Amino acid sequence: MEDLRLSPLKLGSFKSSLSGRSTPRGSPTSRRVHSGRTPRREGKGSGGAVQWFRSNRLLYWLLLITLWTYLGFYVQSRWAHDDDNKVEFLRFGGKLREDVLHVEQNKRLDSVANENSHALVDTTNIVRIGVNKRMHVTLAKKEDDTSQRSLSSRRRTRKASRSSRTRIHSKQKVRKVMETKDLDEQGQELPNTNVTYNKLFGPFGSLEDRVLEWSPQKRSGTCDRKSDFKRLVWSRRFVLLFHELSMTGAPISMMELASELLSCGATVYAVVLSRRGGLLQELTRRRIKVVEDKGELSFKTAMKADLVIAGSAVCASWIDQYMDHHPAGGSQIAWWVMENRREYFDRAKPVLDRVKLLIFLSEVQSKQWITWCEEDHIKLRSQPVIVPLSVNDELAFVAGIYSSLNTGTLTQEMMKEKRQKLRESVRTEFGLTDKDMLVMSLSSINPGKGQLLLLESVALALEREQEQEQVAKSNQQPKIKNLNGIRKEKISLSVKHRLRGSSRKMKITSPATDNSSVLSATGKRKLLFSGNVTRKQDLKLLLGSVGSKSNKVAYVKEMLSFLSNNGNLSNSVLWTPATTRVASLYSAADVYVTNSQGVGETFGRVTIEAMAYGLPVLGTDAGGTKEIVEHNVTGLLHPVGRAGNKFLAQNLLFLLRNPSTRLQLGSQGCEIVEKMYMKQHMYKRFVDVLVKCMRP
């Protein structure tokens with residue numbers, strides 16, 4: 001049995017010998033055994049590579065990724081360099097967006113319009129390069145057809161660009177003519193010196209900082225973090241459209257709106273149509289980004305914004321151009337109209353029905369514009385909204401009204417004390433005493449504001465005051481004569497008594513000498529009440545804003561001529577330059593005058609600012625002034641025009657003689673401002689604008 005057992009090694013060698021030697025080569029068994037043992041070499045040539053590729057999934061995915069990347073780069077290059085086919089990619093919901101198509105066509109028109117003869121050669125080369133790129137993906141025959149179509153389309157765009165270029169040039173000529181006309185009306189500026197204005201004081205920004213121990217540079221964010229306004233504007237983009245940068249109501253209001261938006265976490269860009277004025281430096285200080293131009297770049301910036309807010313009816317030209325460039329852009333424009341005269345409506349009416357929403361400042365203005373729209377058959381897209389202006393935090397802070405700037409160390413009571421010190425310091429600079437009543441009017445100097453009529457009213461008031469003093473003086477003359485008679489009798493009696501009691505001679509003052517002394521005293525009084533007044537007048541008038549770009553120089557010259565022809569009146573008139581630091585001026589004043597003519601003031605930002613400082617307001621019974629000022633409650637109203645001069649003069653004299661009434665009217669006006677015209681009231685109304693206009 002042991003002999004029959006085989007070792008594994010021997011068994012393997014035995015099998016191999018059987019499979020190789022005992023089976024014939026040509027038999028099927030031999031072929032089957034041979035094929036199972038060693039595969040044929042022919043299989044490694046083609047079929048083996050395919051099987052290996054299929055089994056290697058990693059290489060398969062890498063190849064797909066490479067192809068996808070190549071396709072992405074190809075589409076991106078076609079997008080960047082082939083404007084003819086770019087629009088094919090701009091589809092929303094399977095339908096070509098008309099606004100995007102219009103934008104791309106305008107871009108091509110602008111590029112062609114800016115080309116010269118040398119640039120046309122470069123355009124031909126670009127077309128050839130585009131054809132060479134298409135050779136990789138299309139047939140040669142299709143390439144020729146495509147190039148011919150592109151050339152024909154470019155010829156058509158060149159023709160269209162010529163016509164559009166002609167329209168653009170014509171519009172630019174019209175704008176240049178209008179700007180030239182405005183400059184001609186404005187005239188050459190007058191030098192801001194005492195030689196021109198006799199008494200020019202201010203600005204008092206450094207004095208404010210020294211007395212108040214606080215300056216606007218220290219101003220931090222004033223946004224109410226819990227308000228709906230902050231919730232709506234947070235991380236949104238806004239474009240604010242300024243018609244100019246003068247230190248007047250509309251530009252300053254837009255600047256403060258931009259500051260509030262920035263404080264609440266929004267991104268703000270300012271588009272400025274005219275840079276005349278002095279607010280550019282202030283915009284930079286407040287970190288408000290100003291777009292470099294008012295054309296193509298401003299249009300692109302506006303297209304990316306959530307809301308565009310235009311701040312004047314003068315912005316109509318920009319709105320028209322923007323909507324020609326971007327037809328759907330009107331749905332994101334809120335137009336804050338701050339004018340109420342017919343010429344501004346005529347300028348704005350071509351685009352009034354294309355913007356999303358109109359914003360007005362007062363009920364009177366809103367009704368007037370709606371009436372004009374109905375007369376011209378203009379149908380607005382939505383019902384207008386009324387958003388009155390407000391007193392900003394800086395002015396309210398100095399006035400002693402609670403604002404976001406108040407802290408534990410700067411309370412309302414402390415600011416009232418500092419405001420009194422500021423008043424005394426500024427009045428000392430003016431050369432005023434406690435008995436002087438300072439009447440103030442701050443606005444651009446032009447016929448619509450009525451400063452010349454105000455000068456006439458002040459002259460009339462001073463004349464009446466002198467007449468009444470002369471009447472009072474004449475009533476005192478009999479008393480003076482009786483007094484002289486009594487003194488004569490007393491002197492004679494005393495002389496007789498002394499002669500009787502003493503034998504020595506005494507030197508007696510003669511009645512004539514005594515009378516001469518009395519006459520000399522009365523002579524001085526006559527001089528005081530005569531036309532050539534030498535004593536300080538109780539009534540002083542402060543006018544601003546000297547140097548404002550909105551001033552009409554011809555009108556200013558007419559006012560200076562009136563002062564020169566009324567000698568002593570110029571001694572009662574003070575001037576101050578245009579400035580944004582007006583807290584010192586309001587603190588020093590006693591009465592404020594708003595003498596706007598015609599249809600009156602649109603709203604009157606300076607009116608509510610003066611009321612915040614406890615000043616009674618003398619205003620015309622027209623426009624927004626009669627909505628703000630309640631007659632005999634917060635101020636006194638008078639008619640417009642020269643017929644109102646006598647009423648304004650009477651009101652000035654009334655307040656001059658009744659200081660307690662001045663304080664009472666001013667106190668009630670301050671209460672009205674705190675209830676209706678603070679910052680939180682304005683932005684609460686602005687929430688409706690954001691909800692109606694802003695993109696979701």
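Modeller: Let's begin with Gly278, which is in contact with Leu245 and Met247, leaving aside its neighbours within four places in sequence. Contact here means heavy atoms within 4.5 Å. Before we go on: this is a predicted model, where local features need pLDDT of at least 70, side-chain atom pairs count only at pLDDT 80 or more, and totals for chains, interfaces and linings use all residues. Residues are numbered from 1 along each chain as its sequence is written, and side-chain values use heavy atoms, with hydrogens and water left out.

Colleague: Fine. Why is Gly278 called partly exposed?

Modeller: Buried means under 20% relative accessible area, exposed means over 50%, and partly exposed is in between (1.4 Å probe, protein chains only). Gly278 has 36%, so it goes in the middle class. You'll find Gly278 in the loop between β4 and α13 (280-285); helices (H or I, at least four residues) and strands (E, at least two) are DSSP runs, numbered from the N terminus. Gly278 and Ala578 are 300 residues apart in sequence, and their C-alpha atoms are 8.7 Å apart.

Colleague: What makes the disulfide of Cys223 and Cys264 right-handed?

Modeller: The torsion about their S-S bond is about 105°, so it gets that label. Cys223 sits in the loop between α10 (205-212) and α11 (228-233), and Cys264 in the loop between α12 (249-263) and β4 (267-272), so the pair ties together parts 41 residues apart in sequence. Cys223 and Cys264 are both buried.

Colleague: And why are Cys315 and Cys373 called buried?

Modeller: Cys315 has a relative accessible area of 0%, so it counts as buried. Cys373 has 3%, so it counts as buried too.

Colleague: Why is the pair of Phe229 and Tyr683 called tilted?

Modeller: A pair of aromatic rings is described by the distance of the centres and the angle of the planes. Rings of Phe, Tyr and Trp (its six-membered ring) pair if their centres lie within 6.5 Å; planes under 30 degrees apart count as stacked, over 60 as edge-to-face and the rest as tilted. The structure holds 16 aromatic pairs. Phe229 and Tyr683 are 4.8 Å centre to centre with 45° between the planes, which makes them a tilted pair. Phe229 lies in helix α11 and Tyr683 in helix α28 (residues 679-693), so the pair ties together parts 454 residues apart in sequence.

Colleague: What makes Phe229 and Tyr683 buried?

Modeller: Phe229 is at 4% relative accessibility, so it counts as buried. Tyr683, with 7%, is therefore buried as well.

Colleague: How do you know that Phe647 is partly exposed?

Modeller: Its relative accessible area is 35%, so Phe647 is in the partly exposed class. Phe647 is in helix α26 (residues 645-657), and it touches His638 and Pro639, not counting residues up to four places away in sequence.

Notes: A disulfide is a pair of cysteine sulfur atoms within 2.5 Å.
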